[in-house]
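Biologist: Let us go through this structure and check each term against its definition. Please start with how the two chains meet.

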Amino acid sequence: MIKFIPLINILILILFSFIILITKKEKNVKLMSFASNIITFLLSILLLTRVLLEDFIVLNLGKNNSLLGIQFYIGSSEAVISLTFTFVMLMILWFSNSSVKKEVSEIRISFFYILINILLASLLGVIYSNDLFNSYVFIEVSTLSACGLIILKDKKENIKATVKYLIMSTIGSGLVLMAIAYIYSITGHLNITNINEVIVSSYQSHQNAVLIILGLFTVGLGIKSAVFPLHSWLPDAHSSAPTPASAALSALVIKVYVFMLIKILFRMFTYEIVNSFIIMDIILLLGSMGMIFGSIMAIFQKELKRMIAYSSVAQMGYIVFGIGLGTISGTAIATYHIIGHAVTKSSLFLISGLMIEKTSSKKIEDLKGIGREMPITLGLFTLGAFSMVGIPILPGFISKWYLSLACIEVGRVPLILIILASSLLNVLYYFPIIINGFFGNENLDGKIYKSKKIELSRLIPIFFLVLSIILVGAFSSKLINLF
Amino acid sequence: MDLIIVVPIMLPILTGFLLGIIKPNYNNRNTIIISSTILNFILILYIILFKHNVSFHIVKINEFLDIYLMPDNIGKIFATLVSALWILTTFYSIDYMGNQKNLNKFFMFFMITEGVTIGIAFSGNLITLYLFYELLTLSTFPLVIEKGSEKALQAGKKYLIYSFFGATMVLFGIILLFSQTQNLAFTPGGIVGSVPMGNPNFYLFIYILLFLGFGVKAALVPFHSWLPSAMVAPTPVSSLLHAVAVVKSGIFALGRMTYYILGWEVIEHTKGNDYMLILVLITILMGSFLAIHQQNLKKRLAYSTISQLGYIMLGLVIFENSSYIGGMLHMLFHATIKITLFFCVGAIMHYENKTELKEIEGIGKRMPKTMLSFTVASICLIGIPPMNGFVSKWFLAIGGLERGNYFVPIILLLSALLTAAYLIPIISSAFFKGKPAHDVEVSEPNNFMLVPIVLLAVLNVILGFFPNALITMIQSAASKLF
């Protein structure tokens, strides 16, 4: 029975989205959405406990090993990521319960919940799938539902951002599809495990084809996960979307594609094969550039959500950097960073949504003195920022530390400078918000203490997310050992 | 029962948060902070006298992220210094800060900083030290910008950037080191000696990274300029930054790094200390020369601190028993001397609203006790025997001679002259200029301020006459190192 949890998770979410479609009352819509997400969250816990006992679970649908048979593979990283994603999504839903009305017009509220359900289902699908075609289908579904979430606000900028996102990610999907076609023509399989068996023995006779395939996958998935020079759609899309959607997009959506890249590079091919191609150095370079330029561009942003969105580009750089090292420890830390960043970035986005709602301004300069008006909210923001900057024990520090050790392991000590420079740059854009929020006479003049306080009940999901940031840091060694 | 060593760290921090949450009024706040600092001092005395060889793992996340406390002799001395001076500063600040609004925030960070500094003193490994070191930057930042003016924010920003830059260098060094040793626990004699020695240049690189990184907080030239800028902070904060909290934490961390992590034999093998010696000597001279040119009293003291910190660092780059003792003694003595000087200048600022050298003519007749304390502390700092400054400089000079560095005593003498050159003008203009004494009405500071000042001046004299107990304690730590 537990074996079927991955399938049940996806089906429940989709099934409930259909039920929401025919539900009229807003209250029931929320209830349905919430119920389905709680079920998937609980099932994900169950799944993780099982995976911890058995190492991995394989679920075949359709005929075994048949060409289009669907196969789910859940190892420990898949189980942990799916637990994290369902948890984060649950918190986002909880948050949106009181805030979605403020950004999305009433007739579209049920759409929001339908899209969120489909989005999570497709994300889980990409994570669980062990065959390329199935992954591709889920990728497409996730892209479309993400587009729907951005355009829900139907302002001009949203439409522009959505079109940009749609075009870019269609190019990405096209490249991925081409890569899948290539690999199928070489190996005759779509199942990742089967491809692996064939490719290990025969890749030497297809050197160029393998290089092209690797390139197509990297660029295609790279566009979708906003790897540095391919990121241009992200700041528009993530900053214009309704806050809960921004949180989901930035914390979850871009991560699954990069996770799929990990699966393709290291599970479909192997460390040995990919390291013999120049592609790993290019990935490493893209990651490094993302870490530096993402942060530099974040410094110059005038709007809070855009700044956080650019910070996501930088953080994706960390993940890609870890992949580019081409070692088991590099991959482990990349996977860890997927989780650490998912909880951190979602809380930062939700908090920024609250601040924007209360000040009714997107500008960073209008947030001066906000620490007097919303002390608890900015306090939580501070904790998230500390993780980004790398204060010990929080996940940001752990990632930095292990990434550096992984660099030393492959004998590339100078790369540590990039990691450290990036974290110093993080200080430059996160700290001014905190400093101007809490301190400075000019900033605090005329601000009334707790005047913009948020009701505690709205802060609870953020509390949980911030708590999970600390937990992800505190249990880092256990997590990293899993991957 | 080893848990008790966590209490001196947590008590002030929790007190700080308590202030932030319940927001007490003036009287209640004073009761809370005074009792908390005094209780903390008593606790630390208890730990020193009755708890030997205690250690405690707060959290152990994995082999490197192991937040671990292990107060040894040097740590205990530093913690005593911190907690004792914190009591005096608390009284002083109560009068100095007065009854303005929003002081709860100020005292919240004031208390948190005490806990964090004691955390640095008690740290049992480098990563714990690094954690508290970062927290120290964060908790002192709000104190530096307490005034909230644009200028204060600018100075605060400078302080943050310098500190994080230093901490990043430190982190780089720690990561490189950890990749070699897989261990960061403080061990007398260092941890590197026990693993096979690889490329000496690699360790040289680590040493320089760590030295310069921690050197930022210790105001090592060329990373010193945040310190004079940070003078925009209220005087109690400046005095704490200078005397114990920030710069001494930098020094303390340097000491840990040199003698307990890398080990002086390894450093000597790489010749790294010779390069650093040059920087240290430049620091000593440059601080003194710059101090002479400052007309603002606080700035003058700030540059003086830079120079004096150079003395202490001599004990960390000349690997001799006497140098080490001299350095550690000077760390303590400079703390008590500099805090006295700052308290006096702060009293003048607070009661007479005078900050420049030319404004204070005749102030000694108006505030005789304050300025007498200032004079005593100045004499101590110049190092005229038998004051305490002489004792520590004596050890430093001997250490230099034992190593064959004949220019060390020469520079010490030269710098002592310069010290006199920037302190004597203050004293002479305070006592010998201005109106004759019988025309001036005596107006001393409030007892909250005056008592700490006089107590500290007396303490300096006592330490100068009877330094032996301290020397024995430091010697017992030094004997494990050499």
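Modeller: 20 residues of chain A are in contact with 21 residues of chain B. This is a predicted model, in which local features need pLDDT of at least 70 and side-chain atom pairs pLDDT 80 or more, while totals for chains, interfaces and linings use all residues. Residues are numbered from 1 along each chain as its sequence is written, with chains lettered from A and ligands numbered from 1 in the order in which they are written.

Biologist: What makes two residues count as in contact?

Modeller: Their C-beta atoms, placed from the backbone, lie within 7 Å.

Biologist: How do you know which helices of chain A touch chain B?

Modeller: Those giving two or more residues to that side are H17 (395-409), H18 (415-438), H19 (441-444) and H21 (476-482) of chain A. Helices are DSSP runs of H or I with at least four residues, strands are E runs of at least two, and both are numbered from the N terminus. H18(A) gives the largest share, 5 residues.

Biologist: Why are H1(B) and H4(B) called roughly antiparallel?

Modeller: H1 (residues 7-22) and H4 (residues 103-122) of chain B pack at about 165°, with axes 7 Å apart. Axes are lines fitted to C-alpha atoms over the stretch in contact, and angles run from 0 to 180 degrees between N-to-C directions. Angles over 145 degrees count as roughly antiparallel, so H1(B) and H4(B) are roughly antiparallel to each other.

Biologist: What makes S1(B) and S2(B) a pair of strands?

Modeller: Pairing takes at least two DSSP bridges; 4 bridges join S1 (residues 56-60) to S2 (residues 66-69) of chain B, which run antiparallel. S1(B) and S2(B) therefore pair, and they form a hairpin with 5 residues between them.

Definitions and conventions:
Parallel < 35°, antiparallel > 145°, perpendicular 65-115°, else oblique.
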